[in-house]
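Let's take a friendly walk through the inside of this protein. Have the sequence and the 3D view at hand as you read.

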Amino acid sequence: MNSNAQKTSLGSILVVDDTPENLRLLSTMLSQRGYTPRCVINGQMALRACNSNPPDLILLDIMMPEMNGYEVCKNLKNDAITRDIPVIFISAKDELFDKVNAFAVGGVDYISKPFQFEEVLVRIESHLTLRKLQKQLREQNILLQEEISNRLAVEEILQEKNQILQQEISSRRAIEKAIQEQNILLQKEIGNRQRVESALLKSNQELARSNAELEQFAYVPSHDLQAPLATIASYAQLLEKRYKDQLDSQANKFIGNIVQGCTRMQALIDDLLEYSRVGRSHKPFKPTNCNQVVEQAMANLQAVIRDTKAVISSSQLPVVTGDMSQLVQLFQNLVGNAIKYRQDAPPAVSISACKQQETWLFSVSDNGIGIAPQHQERIFQIFQRLHTQKEYSGTGIGLAICQKIVERHGGRIWVESEPGKGSTFHFTLNENSINL
């Protein structure tokens with residue numbers, strides 16, 4: 001029964017009165033109307049009861065021993081725990097001063113004795129409802145303040161985000177502007193490069209055409225000069241043979257000079273034809289064993305090797321992609337020069353190769369007369385000779401042919417040498433050469 005009453009109680013009412021009869025009457029009537037009354041007989045007990053278990057409303061008598069109702073109310077309103085509990089004064093004092101004083105110390109209502117219980121209930125219900133509404137209002141106000149705080153915080157965050165977004169937009173616009181400017185410059189640069197590339201392509205095409213015309217010019221006259229030179233040489237030799245006894249020594253010398261000049265001119269024409277053929281060759285590159293290339297070159301030089309007692313040594317050489325006939329000529333020219341420009345000792349020539357990533361580095365070393373540093377680049381130019389015909393015969397085209405062959409195979413050629421200490425000619429060939 002008590003449990004059900006507590007569950008359906010309309011509120012907890014603390015009744016403070018030093019008259020037991022009033023306590024019994026009020027307690028009975030409040031219980032009958034669904035409230036839960038608690039009764040105390042003095043102010044000290046009232047304060048303790050409120051602190052231990054604050055009621056929903058207090059019915060407080062004024063005239064009590066030791067501590068009157070005004071003092072009790074002041075203490076309640078000074079305590080944060082109890083200051084919001086509504087206090088209704090019930091007193092036999094009916095003077096205006098008493099009522100004003102009751103409201104001054106914090107009371108919410110004043111009921112004069114003898115009281116009408118229905119009036120007491122109405123006022124209790126009214127103030128409990130008012131307190132409930134005030135409590136709800138405070139709670140809603142707290143929630144509203146929290147909502148306002150949250151919204152202010154969100155707005156602050158949004159403002160910060162908006163500032164960051166504005167900065168990001170400004171940065172992106174600046175970047176876009178810079179990109180547009182760079183794009184304009186890039187388009188101009190592309191246009192300039194395209195014009196330069198077009199001009200370069202045109203120049204290359206013109207250069208290729210000029211080279212082709214030059215090679216054709218070198219080939220045709222050289223080829224056409226062979227027959228007249230052969231005729232001149234033959235008739236000079238015929239004069240020397242038939243009229244040798246009829247001519248004086250001076251005439252015989254002149255005839256000899258004609259024959260020698262024709263021979264040198266024939267050699268020069270042959271070399272020019274060979275030089276022009278390097279650029280005119282369209283033979284496809286094939287895998288070529290360089291050991292066989294060197295064997296063929298040495299077979300072509302067999303007579304001069306035997307006559308000079310030259311010693312030719314070669315390490316194991318690789319297989320490269322190239323034009324075998326031109327590679328034979330390359331090795332033949334280099335080894336032939338090593339034998340030609342020898343010192344007193346028999347010529348010693350060494351051929352080797354080593355791998356460098358996708359390139360093979362070939363070296364042809366000799367013990368010959370060597371080459372001064374200032375001449376080591378010009379010897380690869382056509383018609384460049386460092387010695388007279390009396391010292392060493394030749395046309396000055398052999399090394400130019402070597403350079404042209406190496407470049408056609410995508411490599412390069414150079415020499416390392418000191419006068420009197422021999423020379424080492426280096427050249428590179430790609431493992432998979434592209435026909436240039």
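Which residues in the largest nonpolar core touch the most other members? They are F331, L334, F362 and F427, in a core of 38 residues. Such a core is a set of buried Ala, Val, Leu, Ile, Met, Phe, Trp, Tyr and Cys residues joined through side-chain atoms within 4.5 Å, where buried means under 20% relative accessible area with a 1.4 Å probe, protein chains only. Helix α10 (324-340) is among the elements that supply at least two residues of this core, and its share, eight residues, is the largest. Helices (H or I, at least four residues) and strands (E, at least two) are DSSP runs numbered from the N terminus. A second, separate core of 22 residues includes A46 and C73.

A word on the source: this is a predicted model, in which local features need pLDDT of at least 70 and side-chain atom pairs count only at pLDDT 80 or more, while totals for chains, interfaces and linings use all residues. Residues are numbered from 1 along each chain as its sequence is written, and side-chain values use heavy atoms, with hydrogens and water left out.

Next comes the sheet. Five strands form an open sheet in the order β7-β9-β10-β12-β11, with mixed pairing; two strands pair if DSSP finds at least two bridges between them. At the edges are β7 (311-314) and β11, each pairing on one side only. Inside the sheet, β10 and β12 run antiparallel over seven bridges, and L361 stands opposite T428 in β12. Helix α10 packs on the sheet and touches β7, β9, β10, β11 and β12, contact being heavy atoms within 4.5 Å.

The structure also holds five aromatic pairs. Rings of Phe, Tyr and Trp (its six-membered ring) pair if their centres lie within 6.5 Å; planes under 30 degrees apart count as stacked, over 60 as edge-to-face and the rest as tilted. Two of the pairs are set out here.

| Pair | Centre distance | Plane angle | Type |
|---|---|---|---|
| F362 and F427 | 5.1 Å | 5° | stacked |
| F380 and F425 | 6.2 Å | 80° | edge-to-face |

Because F362 lies in β10 and F427 in β12, their pair ties together parts that are 65 residues apart in sequence. F362 is buried, at 0% relative accessible area, and F427 is buried at 0% as well. Ring pairs also link F331, F362 and F427 into a cluster. Both F380 and F425 are buried too; F380 sits in the loop between β10 and α11, and F425 in β12, 45 residues apart.

Definitions and conventions. Buried means under 20% relative accessible area, exposed over 50%, partly exposed in between (1.4 Å probe, protein chains only). Axes are lines fitted to C-alpha atoms, for helices over the stretch in contact, and angles run from 0 to 180 degrees between N-to-C directions.
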